[in-house]
Amino acid sequence: VARVSNGIRGADGIGEIIFSQTGARRASAARSDDGRAIERGAEVVVIRYERGVAYVRRWDELAHPDA
């Protein structure tokens, strides 16, 4: 689970996520996996990495798919 630190604007937008790995705080470039915008502060899950970019989805959508 990571938090969006710089919003992701739709399909072609790129933002940034912050997460903890082995006790250290890390950052990575991120894109939305499904092409929808994701606002700053949203909790997300990394679906995959491609060429140094994390593709993410909102945590609440994965945790509660019927909502």
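**View 1. Here's the largest nonpolar core of this predicted model.** Eleven residues make it up: Ala-2, Val-4, Ile-8, Ile-17, Phe-19, Ala-30, Ile-38, Ala-42, Val-44, Ala-54 and Val-56.

View 2. Which residues does Ile-8 touch, once its neighbours within four places in sequence are set aside? Among its contacts are two glycines, Gly-13 and Gly-15. Ile-8 also meets Ala-30, Arg-31 and Ser-32, plus Ala-37 and Ile-38.

**View 3. The strands come together as a closed barrel.** Five strands take part, in the order β1-β2-β3-β5-β4, and their pairing is mixed. Going from one strand to the next, the twist averages 55 degrees. As background, strands of a sheet pair through backbone hydrogen bonds, and they can do that either parallel or antiparallel.

**View 4. Here β4 sits alongside its partner β5.** Strand β4 covers residues 43–50, and six bridges link β4 to β5 in the antiparallel sense.

**View 5. Last stop: Ser-20, a residue of strand β2.** Is Ser-20 buried or exposed? Ser-20 counts as exposed because its relative accessibility is 59%, and the cut-off for exposed is over 50%. Val-1 lies 19 residues away from Ser-20 along the chain, yet the C-alpha atoms of the two are separated by 8.6 Å.

Key. Residues are numbered from 1 along each chain as its sequence is written. This is a predicted model: local features need pLDDT of at least 70, side-chain atom pairs count only at pLDDT 80 or more; totals for chains, interfaces and linings use all residues. Side-chain values use heavy atoms; hydrogens and water are left out. A nonpolar core is a set of buried Ala, Val, Leu, Ile, Met, Phe, Trp, Tyr and Cys residues joined through side-chain atoms within 4.5 Å. Buried means under 20% relative accessible area, exposed over 50%, partly exposed in between (1.4 Å probe, protein chains only). Contact means heavy atoms within 4.5 Å. Helices (H or I, at least four residues) and strands (E, at least two) are DSSP runs, numbered from the N terminus. Two strands pair if DSSP finds at least two bridges between them. Axes are lines fitted to C-alpha atoms, for helices over the stretch in contact, and angles run from 0 to 180 degrees between N-to-C directions.
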